[in-house]
Structures are given as structure tokens and as C-alpha cells.
Amino acid sequence: MLLNVVLSAFTVVFGALSQLFYKITLNSVGKFSFTWEFFINVLTSRSFILAIVFLLVQFVSWFYLLSRLPINVATSISIFVPVFSIIGGWHFLGEPIPVLRWIGFVVMLCGFLLVIKTV
């Protein structure tokens, strides 16, 4: 049980970290373009490499969770990745979070609690 909780936290936190570091990479290399120069800058960026490492940790913990939990519970846990990504963007990158998005977070939490309660 404790291992499932820890792996759930890893899945959410490392998924959010990978999203944040993708954003940091794109902020540092500039506007997206279909050029070799752009992709080389992205692929050689330290923040992009960190994002990939975080994504791999998330991937491994996600697969392990899928082997131990029902799909409805595992998928419900993964819904928190965007929530933590948005909160991380607000906290670390200064991106605003509109009121409607906060309401969405509460609705998602209620849905998650309903799914978990039925298991």
C-alpha cells in the first residue's frame, strides 16, 4: 500500500517536473520553428535533458503502478499531473491561474475521490 502511494507521488511529481522543464526549455530557446537550428538547440539544452530524465522516471513508476492497481485508479491518479504542472508554472514561472481553472481543480479532486471510494 505504501509503495503504491509513493509510486503515485513519483508519477505525479515527475510528470509535472518533465512538463515544467519542457516549458523552461522552450522559454530559453525561443519561438518554435521547424528548423534544424531550433531542434538542435532544444535537444542540447540541459533543461530538455532533465525533462527526459523526469519523464523516464515517471514512465517506470507509471508502468509499475499499472501492474499493481486497477486501471481506473491508476488513470485517476495521473489526472493530477496537469494540476501540478499548472501549479508549478504558477509558482516557478509566474504564470497566472484563472479562477475557472481553480474550480476545475476542485471538480477533478471530487471526481478522483469518487473513483477511489468505489474501489
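**Exercise 1. Is E95 buried, partly exposed or exposed, and what does its side chain pair with?**

Step 1. Take the relative accessibility of E95, which is 32%. Buried means under 20% relative accessible area, exposed means over 50%, and partly exposed lies in between (1.4 Å probe, protein chains only). E95 therefore counts as partly exposed.

Step 2. Note what kind of model this is. The model is predicted: local features need pLDDT of at least 70, side-chain atom pairs count only at pLDDT 80 or more, and totals for chains, interfaces and linings use all residues. Residues are numbered from 1 along each chain as its sequence is written, and side-chain values use heavy atoms, with hydrogens and water left out.

Step 3. Find the partner. The side chains of E95 and K23 form a salt bridge, at 3.8 Å from N to O. The term requires a side-chain nitrogen of Lys or Arg within 4 Å of a carboxyl oxygen of Asp or Glu. Side chains of opposite charge can pair when their charged atoms come close.

Step 4. K23 sits in helix 1, while E95 sits in the loop between helix 5 and helix 6 (99-117). K23 has a relative accessible area of 35% and is partly exposed. The structure holds one salt bridge.

**Exercise 2. How many helices and strands does the protein chain have?**

Step 1. Know the rule. Helices (H or I, at least four residues) and strands (E, at least two) are DSSP runs, numbered from the N terminus.

Step 2. Count. The protein chain has six helices and zero strands. From the N terminus on, the order is α-α-α-α-α-α.

Step 3. The C-alpha atoms fill a box of roughly 50 × 35 × 20 Å along the principal axes. Of the 119 residues, 31% count as buried.

**Exercise 3. At what angle do helix 1 and helix 5 pack, and which residues meet?**

Step 1. Read the geometry. Helix 1 (residues 2-29) and helix 5 (residues 80-93) pack at about 50°, with axes 8 Å apart. Axes are lines fitted to C-alpha atoms, for helices over the stretch in contact, and angles run from 0 to 180 degrees between N-to-C directions.

Step 2. Name the arrangement. Under 35 degrees is roughly parallel, over 145 roughly antiparallel, 65 to 115 roughly perpendicular, and the rest oblique. Helix 1 and helix 5 are therefore oblique to each other.

Step 3. List the meeting residues. From helix 1, T11, V12, G15, A16, Q19, L20, K23 and I24 meet F80, V81, F84, S85, G88, G89, F92 and L93 of helix 5. Contact means heavy atoms within 4.5 Å.

**Exercise 4. How are helix 1 and helix 3 arranged, and where is Q58?**

Step 1. Check the angle. The axes of helix 1 and helix 3 come within 8 Å and cross at roughly 155°. The two helices are therefore roughly antiparallel.

Step 2. Locate Q58. Q58 lies in helix 3. Its relative accessible area is 16%, so Q58 is buried.

Step 3. Find its contacts. Leaving aside neighbours within four places in sequence, Q58 touches T11, F14, G15, S18 and V81.

Step 4. Compare with L66. L66 is also in helix 3 (residues 46-68). At a relative accessible area of 32%, L66 is partly exposed. L66 touches I71 and A74, not counting residues up to four places away in sequence.
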